[in-house]
Amino acid sequence: MSTNRRGFLKSTATTMAGIGITQSMPGSLLVYPGVLNAGDRIVVALIGSRNMGWYNLTDLLQQPNVVCKTLCDVDDSVLAEKAGELVKQGLNKPQLEKDYRKVLDDKDIDAVIIGTPDHWHCLPTVEACAAGKHVYVEKPLANSIGEINVMLDVARKYKNIVQVGQQQRSGAHWKTAIEFVQSGKLGTIRQVKYWANFNYGAGNMPVPDSDPPVGVDYDRWLGPAPKRTFNKNRFHGSWRMFRDYGGGLMSDWGVHLIDMGLWAMNVKTGPKSVFSLGGNFANQDRALEMPDTLTVGYEMDGFNMIWEHNGGVQHGPYDQLYGVKFIGTNGTLVADRARWRVFPEWGEEDYRMESVEEHLSDEKSHINHCANFIGAIRHGDTLNADIEIGHRAALYAHLGNISFWADERVEYDEGTRSIPNSKKADALITPTYRLPWIFPSSS
Ligand SMILES: NC(=O)c1ccc[n+]([C@@H]2O[C@H](COP(=O)([O-])OP(=O)(O)OC[C@H]3O[C@@H](n4cnc5c(N)ncnc54)[C@H](O)[C@@H]3O)[C@@H](O)[C@H]2O)c1
C-alpha cells in the first residue's frame, strides 16, 4: 500500500468513524463494523467468486481491518448469492462487476484474490501486478508453463506481493513434517512418492451441449481459451478435466503435494528430466480429456520422485486417498492434510530409528495462509507461498502432463525456458490465446 493510499485510507476511515457510518455509501469505501480504529484497512476484491475464491475471501475477512469492496464474476447468480452472504454476515453489500479490468482500475483496492479457473489466472494476475495490486492467486499458478513464466517475471518487475493458494505451506503439521525429513533421522532419502486417487478424476457422465445458463457471460468465461459451445461438464467445478482450462489431477493435486516434496528436499530448480505413462484406461465413457491413470517419474539429483494418480479410485497406500511419502534408509514418513506418521525400518538386529509420535493437523493451514498474506502486506512478513514457490510446483505438474501428451521424455531447460529435446513437448509450453485476449509479455 503506498504512503498516499495509506494516508487516504486513514483519513477516510477516521471521518467515517467520526460520523458513525456503518452502512454502505454509494461511491465511497465500504465500512465494516469493528474495524475502524485499529489501524489502516486493507481493501480487497474477489475475482472468481464461486468456490475457492469465496473460501479465500471468507478467511481474509477474518483478519483485522480487511474489508471487501468488490465481487467480480461472469455469472450473475454467483454474484447475487455471494453478495447476499456478505450482507447476511452483517457486512455491507459489495460492488458487483463482471469485468475484472474494472476491479483493477479501482484505485481503492489494495489486493485482489483470483479464484477463477486455471486458464484465467494469468491475465488478471499480470494486469493486477501492473496496476500495483497485491495478489492472492489460486493454484496451480496457471494452466501452462508459458503463463507461469510471464507471471513470475511481471510480479518480480513490479515487486508485488503474490501469494499462491498452496496453503499447505502454512500448515503447522506440514512444517514439522518437513523439519523431520530435513533432520536426517530418516537416513538417506532415495524416493519421494506422491499419490492422488479421487472419484472426481474420472470426470462426469457426458451431457449434451446446451445454451449457457441465463446471466452467465460465457464468452468471458472462456476468455483466452478456444471458442466452443457451452457444455455443463466443462463449466463450474468440473472444468479441470479439460485441457483448455485445467490440468486434471496432475496439476490440481500435483502442485499441493509435489510442493511438499520440493520443500522438504530443498529443491530450487526444475527436474533433470520427466517421463509420464498413462491413459484413460477405465473411464472412456466419461466426459474426460485427462488421463484417468498417470504415473510420472521425475529425475532428480540423488533421488527419484514419482507421481501417481488414479481418477475414479478412492483408496490409496496407507489407507489414504492422497499423500506424500519420503522413503529413507531408516524409515518412511507419510503425510496428508490430516497427519504425518513415520514407519521405522528394521534390520537384522533392531529398528533403525526410534518410533515417532503421530503428528495431527490443527486444520488451520488455510486461515494461516490468509493471515500470512495480510501480514506480508501490512508488516512485510515473508510469504509462505510466494509466486516463486507456486511457479516451481506448477512447472513440475505441467511437465508431467506435457510428457504424457507428447509421449516423450522431456528435459526442460530453465535458461531458455524451452524443451530442446522434444519439438512436440516444446510446442505445448505456451497456449495460443483467443482474440481479443492477448498473451501477456514479461516486459
Ligand atoms: N487451494 C486449494 O486447496 C484449492 C481448492 C479448490 C480450488 N482451487 C483453485 O481455485 C480456482 C477456482 O476453482 P473453483 O473450484 O473455485 O472453480 P469454480 O468453477 O467453482 O469457480 C470459478 C469461478 O470463477 C468465475 N469466473 C470464470 N471466469 C471468470 C472471469 N474471467 N472473471 C471473473 N470470474 C470468472 C466462474 O464463473 C466461477 O464462479 C482454481 O484455480 C482451482 O485450482 C484451489
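Two strands are said to pair if DSSP finds at least two bridges between them, where strands (E, at least two residues) and helices (H or I, at least four) are DSSP runs numbered from the N terminus. The model examined here is predicted, so that local features need pLDDT of at least 70 and side-chain atom pairs count only at pLDDT 80 or more, whereas totals for chains, interfaces and linings use all residues. Residues are numbered from 1 along each chain as its sequence is written, and side-chain values use heavy atoms, with hydrogens and water left out.

Strand 5 (residues 134–137) has a parallel partner in strand 6 (residues 162–164), to which 3 bridges join it, and in strand 6 the bridge partner of Val135 is Val162. Strand 5 also pairs in the parallel sense with strand 4 (residues 111–114), over 4 bridges, and here Val135 is the bridge partner of Val112. In a regular strand the side chains alternate between the two faces of the sheet. In strand 5 both faces are covered, since His134 and Tyr136 on one side and Val135 and Val137 on the other are all buried (under 20% relative accessible area, with a 1.4 Å probe and protein chains only).

Turning to the ligand, 28 residues surround it, and Arg50, Asp73, Asp118, Lys139 and Gln167 are the closest (a residue counts as near if one of its heavy atoms lies within 4 Å). An oxygen atom of the ligand lies 2.9 Å from a backbone N or O atom of Met52, while a polar backbone atom of Gly165 is 3.0 Å from a nitrogen atom of the ligand.

Key. Buried < 20%, exposed > 50% of the residue type's maximum accessible area, 1.4 Å probe, protein only. Polar contact = N/O pair within 3.5 Å; in protein donor to acceptor, adjacent residues only side chain to side chain.
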